[in-house]
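Please take a moment to look over the sequence and the model below before reading on.

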Amino acid sequence: MAEAHPVGFQWVIEAKKRGAKIIHVDPRFTRTSALAHSFVPVRAGADIAFLGGVVNYILSNEKDFREYVLAYTNASMIVSEEFQDTEDLDGLFSGFDPETRAYDQSSWQYAGQQDEGQEEGESHVDRETASGLEQESHGPPIPADVPRDPTLQDPRCVYQVLKRHYARYTPEVVERLCGVPQDKFLEVCEAWTANSGRERTTALVYSVGWTQHSVGVQYIRTGAIIQLLLGNMGRPGGGVMALRGHASIQGSTDIPTLFNLLPGYLPMPHVSQHETFGQWIDAIRHPEQKGFWANAKSYAVSLLKSYWGDAATEENDYGYGWLPRLTGDHGTYQQVLDMIDGKIKGYFLLGQNPAVGSAHGRAQRLGMANLDWLVVRDLFMIESATFWKNGPEVETGEIVPEQCKTEVFFMPAASHVEKEGTFTQTQRMLQWREKAVNPPGDARSELWFFYHLGRRLKARLGDSDKSRDEAIKNLTWEYGSSDEPEAELVLKEINGYDLESGKLLSSFTEMKPDGSTAGGCWIYTGVYKDGVNQAARRKPGSEQNYVAPEWGWAWPANRRTLYNRASADPEGNPWSERKKYVWWDAAKGEWTGDDVPDFEKTKPPSYRPPEGASGVEAISGDDAFIMQGDGKGWLYAPSGLIDGPMPTHYEPAESGVANPLYGQQANPTRKVYDRSDNLTNPSAPDRHAEVFPYVFSTSRLTEHHTAGGMSRQLPYLSELQPEMFVEVSPALAAERGLTHLGWAHIVTARAAIEARVMVTDRLRPLRIEGRTVHQLWMPYHWGGEGVVTGDSANDLIGITLDPNVLIQESKVGTCDIRAGRRPAGPGLLAYVKDYRRRAGLEDDSGK
Amino acid sequence: MGVRTWIEGWPVYRQLTGTDPLGRGAAAQSQRSKELTARTETADRVAKSVCPYCAVGCGQRVFVKDEKVVQIEGDPDSPISRGRLCPKGSASKSLVTSDRRQQKVLYRRPYGTEWESLDLDTAMDMIADRVLAAREQTWEDADADGRPLNRTLGISSLGGATLDNEENYIIKKLFTALGAIQIENQARI
């Protein structure tokens, strides 16, 4: 956090000054470790073993916050008798189909729910379309009433199922798998549990060290389970805090430019799952479930009204038929492989540099070299614009400029001070930026580019009578009269209007399913509450309470802490005076507090739904998790996740360690692309794993940003961190004859790259399963363009994805490291090929 | 110059008599430093902005003089950042004012070996033509069972996560209406 989010880290230091204990768990000693009370080095890729050990500690010592757990989680709910655990099936849950490598999830559900199971065919589709848990209501519907055992003694209640699942994750096992000494591990468990409960809360902070794994979603689930068991969710100073890495990456998820989503986490329609408008709506709202997703039709119709205005009518299902349909995996990595295969004609890169920033850089560049055309919009000349001229494959002879057909348009972009608009930062907060100056020369905003592209396309298709062009012809596209479209008009469209009065909506609860409201992203409704751009509010922090509700605007409804109903006890009183946040004011008959309550304002804690209720009406006065189908925080996920209802330790896709816990080595449902241009290093216990004997991880430096497009171009930052390097421990340096500041090269089945060596005890060898495991670390910021240049760490990484979200495993892999520089030119290809041959990956038939 | 002014021009006098006994502030100030004026004081205007690097969302104040950015500083009013910026945020003036920034459209024709220049409007027209051609070549009305697809798999897009919400909104809106579904961004990575 101190490395990659330094200014956010000031609050950790503030907490430290007030007595908080700071624990840093990381494979590598960083600037965060330097300021923490306790640094816990851990093997990359073994986080579920570590966190599962914490769950086991909590449950076996009954350290959970029992009243919270009983009231707000699904601990007491009874799981189907059909369910079998990884502990029974050697690393698989019940329902696994080895053919599709997907689960029939029927047996994972609550008792009495079996009939509505998710079959493996649907689970396979969900993996292809990254729709596991894409919104809280995804998957089979959860009945509003589930059998429960409030004593938590029933062997099939979630609490007991969880306890059995993690019983083997003992401190001894944590030591063997993670390389963390038992006393060090127990110190973490004791600190975490002692600092949780009525009077205290513990915050859990993670970054892409968790998301970029073949089990990334389950890492985060394990963290969430701990925080729920300890009563840290929805409370001040608690929570699971995702430190996201880009100015508006939260915004680009909420208002997604993602293949599987429409704004506000509405799913893109799938050809078979959502053939009709009604099927699409019901898949989101699940008529018999609890919670605010029940109003999904209002959100969906309002979006379609924003897209197509008066042309979206009840008769034509508000234009649902114009939406394109998914048939499978259309994610960025599938696209790149399709580019290599010649299936894709044109590609837009909008402030993004996949030649350096995406996994498997060589595949990225070879894909771009096989397009008809490429549009690159950026501030600087980046590697993704020059792959045909200066890329590593030009050096090896794989790309010959005179033979490369790709037509490239470089379109200069406006910077953040040359346009107005909102970023959504990592806490879901929108902040409006004022424009300072005009962009120089031909530089333009994306808003300008897409507005004028759309204008041109509408003009060209204006006379078309083809049905396929109706969606463009009817698209509303009025964003002011000047050359630069008005961002405020777009934000107002996102917020939404009452179409009869023309008034801006103040809350998504005002949205209607009958076409009388429009709104482009329901969770952002309220950003224009009372006709005011709430994101532009800048009341100084010093003039507000510590929640600072009048600085910017957070979705939903300006709530700064989600699910904050849980900061009060079931009766609505604060758990303690010290941790008071949101509570029920009986005299006034409403919820109140320091934040906007995440609950219906006047629904009392004593409210119990009438029999047969569903949707918002079915949310009980103590159902703090109002978006969940059962109103509870999920210790056990009865539906939605592709790879299991509870996190289980699997080894990374590439690992020199045979999974000590199960016969199942890696995540059985991970998404793989089995192709000769995307080979995976062999893992233990298979033969040849020793060809790539070391574990590597990559991450950021304070002084650089992602693929370097905004940092390696700047002299100050380039001078601060001038060169690509690899960190190794003194022991590994001795083993491989590496010298500090000398050259080394790192090899995987995909590539060999070179870097300067930094020998440091910030990395230390770990004892895993009785043997020494060396880890090495690299920043991933370098490429061939800029003030400072170097080889790209992402070239080393292959494409294997988490099955729930299709994000690549790029935080851990295996490699070799050797002293000296890598071969240059065509010799490099032969060099890597020889490694593949030794690893048994080369097809000897000469194909 | 009077005697008093002369004496006060002597740092040790100021150090012994003034409010800066350690001689690390006002007492040590030279005449030259005294006459300097901060760019932030002479700016024509200040735009309230947000740092474009990581997702913490630190407040920035962008100082403008003669339609040029002359300084970017942390915004002390921000309850998130309280005026602080990290090395990258502090370098953001050099990001936006860099002479390495590309300011002109460039074009590489198929099989070309060098960049060529191209007029912005011409480039926009050429891109619009190519989008429609790619869409036409790869359009799918329905699948083998006759179920509607309404789409093209011939066009891809990958966005960075420094785009504004308003930009992402119209990008997704336009591509969706075109039937282009392979629209992705850094959040997948």
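Predicted model: local features only at pLDDT ≥ 70, side-chain atom pairs only at ≥ 80, totals over all residues.

Residues are numbered from 1 along each chain as its sequence is written, and chains are lettered from A and ligands numbered from 1 in the order in which they are written.

A:D254 is found in helix α11 of chain A, residues 251–254; helices (H or I, at least four residues) and strands (E, at least two) are DSSP runs, numbered from the N terminus. Leaving out residues up to four places away in sequence, A:D254 touches A:T424, A:C521, A:I523, A:Y524 and A:W555, a contact being counted if the C-beta atoms of two residues, placed from the backbone, lie within 7 Å. A:G264 is 10 residues from A:D254 along the chain, and the C-alpha atoms of the two are separated by 5.5 Å.

Chain A as a whole has 24 helices and 28 strands. Its radius of gyration is 27 Å, close to the 29 Å that the globule rule gives for 847 residues, so chain A is as compact as a globular protein of that length; the radius is taken over C-alpha atoms, and the rule is 2.2 Å times the number of residues to the power 0.38. Of the 847 residues of chain A, 61% count as buried, and among contacts in chain A with a separation of 6 or more, 69% join residues 24 or more positions apart.

Which domains does the domain assignment give for chain A? It gives domain 1 (10–242) and domain 2 (326–415 + 670–841), with bounds that come from an automatic or database domain assignment. The C-alpha centres of domain 1 and domain 2 of chain A lie 31 Å apart, and their contact takes 25 residues from domain 1 and 32 residues from domain 2. On the domain 1 side, α5, α7 (171–178), α9 (208–211) and α10 (216–229) of chain A each supply at least two residues, and the largest share, three residues, comes from α9(A).

Helix α5 of chain A, residues 120–128, has A:S123, A:H124, A:V125, A:D126, A:R127 and A:E128 buried. The buried residues of α5(A) pack against β4 (102–103) and β19 (671–672) of chain A, and the helix is followed by A:A130, whose phi is positive, near 50°.

According to the UniProt record, an unreviewed entry, residues 695–805 of chain A carry the annotation "domain: Molybdopterin dinucleotide-binding"; such annotations may be inferred rather than shown by experiment, and positions are given in the numbering used here, with feature names shortened. The span is 12% helix and 32% strand, and its end C-alpha atoms lie 24 Å apart.

Finally, the contact between the chains takes 132 residues from chain A and 100 residues from chain B. On the chain B side, helix α8 (residues 165–178) of chain B gives the largest share, 13 residues. Strand β9 (residues 346–350) of chain A and strand β7 (residues 148–159) of chain B pair in the parallel sense over five bridges, pairing being counted if DSSP finds at least two bridges between two strands, and A:G346 stands opposite B:I155 in β7(B).

Terms used:
Buried ≥ 20, exposed ≤ 12 C-beta atoms within 10 Å, placed from the backbone.
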